[in-house]
Structure formats: structure tokens, C-alpha cells
Amino acid sequence: MLLPVDVALMVEMRRRAVAFAAEKNFSFLNRGDGGFSKASFGGDRSEAGRYAANIRWQANTVDSPPLVGYSGDMEGAEKLKSQLHILASTTDTKLAELNGKLGGVTASFRQSVEAINKLAGVYEKTEISKFSREYYQFMQRQEQKHFFHFKRATPEERQRLIDLAKKNADFYNQESLERALENIALKEPEIARIKAEIAPLNDLYYANQWQRFFLVTNTNGHVHRSMECSTTYDTTDWAWLPHLSGLTDKEAVDDQGGILCTHCFPEAPSDYTSGESKAKREGREQRAEEKRVRDEIRLKKKITADGSDVRLTSNRMKTDNRTGEQYASTTKISSITGAKEFLRDAMEFKRLPKPSYLGASWTDDKWKDGLNGIHTDENVAVIAGLLSEKTGDSVDKILNDAEKRARKNRGI
């Protein structure tokens with residue numbers, strides 16, 4: 001259901017389309033199926049494309065005279081623009097919906113036709129290798145030929161094809177043949193109904209020729225004027241942007257980013273065609289925000305305010321077996337959890353009695369510095385001070401809590 005628009009707008013837009021066609025010495029010819037054929041330029045398609053692109057760009061950059069029913073002031077121009085956008089976007093949104101339905105119904109119809117064709121044996125045999133490109137192209141041509149033959153066949157021709165399929169169908173294929181015939185009986189009227197809904201909407205577009213925009217959804221896709229751009233392929237994935245219909249190129253760039261196709265918009269400024277897409281920009285910004293959140297969470301777990309590691313040096317020297325040189329070992333403390341474990345072990349060495357199973361070589365002073373000599377008073381003071389700054393607790397509380405964990409760990 002289209003939204004209401006001024007009658008004056010509709011009448012004037014149709015009048016302009018006819019006058020423009022007469023002025024440029026070409027016309028829209030009725031195709032006989034509810035649509036219109038392309039304008040004729042004496043068969044010169046390249047000239048037609050350049051001319052159409054130039055006219056479209058001028059329509060975006062040159063102010064048009066006010067339509068009948070408006071005074072020509074800014075308020076009237078904005079109202080006209082809003083009315084045209086409502087008409088275009090609502091019409092194209094409905095067209096996109098109907099064409100989506102038509103594609104699904106047609107695919108189902110075609111699948112049933114293919115089933116009948118196969119049972120009827122209409123595909124010719126070929127000596128071409130089944131896995132070659134030539135075989136694929138051959139089957140594609142055959143499939144298309146017989147598919148359209150079935151759609152356009154007379155009732156007598158269809159019946160002969162169905163009778164042949166029934167004759168060739170064995171016991172196992174009878175059910176699938178019946179399903180295919182039932183599906184064709186259901187889908188064919190539905191295709192006609194959807195096309196009947198599409199026809200007046202297409203007529204409305206051809207009468208007014210508003211701006212349309214189509215986005216290629218493949219990697220690094222651009223926004224195109226139509227889906228017939230020479231830079232695209234049969235495998236190109238498209239997304240219609242009906243919410244932009246009736247708007248200018250600048251408004252399309254504001255919505256999607258500077259990714260207009262240089263072939264569809266040959267006169268567009270470079271910032272309209274060489275920019276970054278809205279989707280890519282939003283994706284990049286989203287990834288940056290997710291990384292910021294992850295870094296913030298990671299920083300909260302770190303022992304230092306800037307997230308750097310703390311290196312603690314042992315008071316015991318070790319000897320390098322290869323060179324014979326002596327060196328002091330180090331331990332890295334990165335997180336709050338690591339710092340608490342370090343203090344728990346330090347309190348076990350400093351405040352709990354030495355285990356009885358340790359030999360005489362473990363003096364009391366050696367025990368208090370820890371197994372590797374890393375739990376010295378200086379190192380404990382450094383870690384306890386950093387943990388106090390991070391958590392807001394006092395150093396005494398932090399050390400007492402560490403002692404409680406050490407006693408629990410020892411079973412004391």
C-alpha cells in the first residue's frame with residue numbers, strides 16, 4: 001500500500017517525463033507486458049550509456065524548477081523532495097519484497113519443471129566430459145531451453161510432455177512426479193499474481209524515473225545505479241537499497257560511504273568513489289571498540305596501572321654451566337592473581353615455621369628468603385605496595401590476608 005502523495009506531484013512528474021522524452025527525441029515503448037523498453041539511440045548502447053549517466057548526474061547537481069502546486073521557496077522544495085522520496089522508497093520497498101517472493105516461487109516452479117523434463121528424457125546425451133566446463137555450459141543451455149519451452153508451450157504440448165514423463169516414470173518416481181505436477185499447478189498462478197502486483201509499480205517508476213541505488217555485497221563492493229553495470233558478473237551478490245530511492249548521490253554517500261561506482265557515476269567527485277563503505281567503517285569501529293573493552297578488562301587484572309610487568313631479582317646467584325659465569329635469576333609478576341600467590345608463598349616462608357622434612361642445609365635465613373631466594377623483604381614490599389595501589393587496601397591487610405591463605409594452604 002503506497003503512502004499518499006500530492007496529486008500535483010504525480011501529474012507533474014509524469015508530464016516532465018513525457019516532455020523530456022520529446023525534447024531528447026526518444027520515447028519509452030510499451031513492451032506489452034506492463035513494462036517499457038529502453039530508450040532508443042539508434043542502436044548505439046555506449047552512447048546511450050554515456051548520455052544517461054550525464055543526465056542522471058545533472059539531475060543530482062542542477063536545481064530543477066519547482067513543480068506545479070509549489071511556490072518555489074525552500075519550504076516548498078523540501079516538501080517536494082520529501083514527497084518524492086516517500087513515493088520512491090515506498091514503491092521500491094514494495095517492489096523489492098515482491099521480487100523476492102517472485103524469485104522464491106519461480107525457483108520452486110522451475111525445480112518441478114526440471115523434474116518433469118528429466119522424466120520425459122528431453123535432455124540430449126552428450127559425449128562431453130561430465131566434469132568439464134563445456135558440459136556445464138551445455139546443460140545450462142539445455143535446461144534453459146526446455147524450461148522456457150514448458151512455460152510457453154500450448155496446453156497440448158504440455159500434456160504430451162507430461163504423458164511422456166508418466167510413461168517413463170517407474171514405481172519409485174511416481175510420487176515425485178505427482179508432487180511436481182501439484183507444485184506447478186500451485187506456483188504458476190502465484191507467479192502471475194505477483195507479476196500483476198509488480199506491473200503497476202514498475203509503470204510508476206518508468207513514469208517518474210527516480211534515483212535508485214544497488215549495493216554489491218561481495219568483498220569491497222560498490223554502490224551502483226543499476227544491476228546491469230558492466231563491472232559486475234553473473235555471480236555478483238546484490239542488495240537493493242530502496243530506502244535511498246529518490247535521494248541524491250550525496251545523500252547516498254552520506255548513508256553508505258564514498259563507494260559509488262565510477263562507471264555508474266562517471267562525473268562523481270573522487271571522495272564519492274574512493275572512500276570507505278559505511279559497513280566497513282562501522283565494522284572497523286566496532287572492532288576497535290571491542291579491542292578497547294578487552295584491553296580495559298585486561299588492564300584491570302594487571303598489577304601495575306599501565307599494564308607493564310614487574311621483574312623481581314633473587315638474592316641468590318646461579319652459575320652458567322657453559323660459561324661458568326654467575327647471575328641472579330628473576331621472576332616476572334604480571335597480574336593481581338600472580339601477585340597474591342607471590343605474597344602467599346612469601347608469608348609461608350616468613351611467618352610460618354620451617355617444615356621438619358627440610359635438612360640442616362636450610363637455615364632459618366635461607367628459609368625466610370624462599371626456595372629460590374626471590375621472596376626477599378624488598379620484593380615483598382614492592383609487590384604489596386603495588387597491590388595496595390591497585391585494590392585500595394592497606395599493606396598490613398594485604399599481608400595478613402596472604403598469611404591466612406598460606407596457613408590454609410599448609411593446613412595450619
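The exercises below, each with a worked solution, concern a predicted model.

**Exercise 1.** Find which residues of the largest nonpolar core touch the most other members, and which elements supply this core.

*Solution.* Begin with the core itself, which has 21 residues, and among these Phe-342, Leu-343 and Ile-383 touch the most other members. Next, turn to the elements: β4 (310–319), α10 (336–351), α12 (377–391) and α13 (395–410) each supply at least two residues, and the largest share, 6 residues, comes from α10. Finally, look around Phe-342, whose contacts, leaving aside neighbours within four places in sequence, include Leu-312, Ile-374, Val-380 and Ile-383.

**Exercise 2.** Work out the strand order of the open sheet formed by 3 strands, and name its edge strands.

*Solution.* The order is β2-β1-β3, with antiparallel pairing. The edge strands, each pairing on one side only, are β2 (223–224) and β3 (238–240). Strand β1 (residues 214–216) is joined to β3 by 3 bridges, and Phe-214 stands opposite Trp-240 in β3.

**Exercise 3.** Decide whether the rings of Phe-213 and Phe-265 are stacked or edge-to-face, and locate both residues.

*Solution.* The ring centres lie 6.3 Å apart and the planes meet at 5 degrees, so the pair is stacked, given that planes under 30 degrees apart count as stacked. Phe-213 lies in the loop between α6 (174–208) and β1, whereas Phe-265 lies in the loop between α7 (249–256) and α8 (270–273), 52 residues apart. Both Phe-213 and Phe-265 are buried.

**Exercise 4.** Describe the surroundings of the ring of Tyr-205.

*Solution.* Tyr-205 forms an edge-to-face pair with Trp-210, at 5.4 Å centre to centre and 70 degrees between the planes. The charged end of Arg-212 sits over the ring of Tyr-205, 3.5 Å from its centre.

Notes: Residues numbered from 1 in each chain as written. Predicted model: local features only at pLDDT ≥ 70, side-chain atom pairs only at ≥ 80, totals over all residues. Heavy atoms only, no water. Core = buried A, V, L, I, M, F, W, Y, C linked by side-chain atoms within 4.5 Å. Buried < 20%, exposed > 50% of the residue type's maximum accessible area, 1.4 Å probe, protein only. Helix = DSSP H or I, 4+ residues; strand = E, 2+ residues; numbered from the N terminus. Contact = heavy atoms within 4.5 Å. Pairing = 2+ DSSP bridges. Phe/Tyr/Trp six-rings, centres within 6.5 Å; stacked < 30°, edge-to-face > 60°. Lys NZ or Arg CZ within 6 Å of the ring centre and 35° of its normal.
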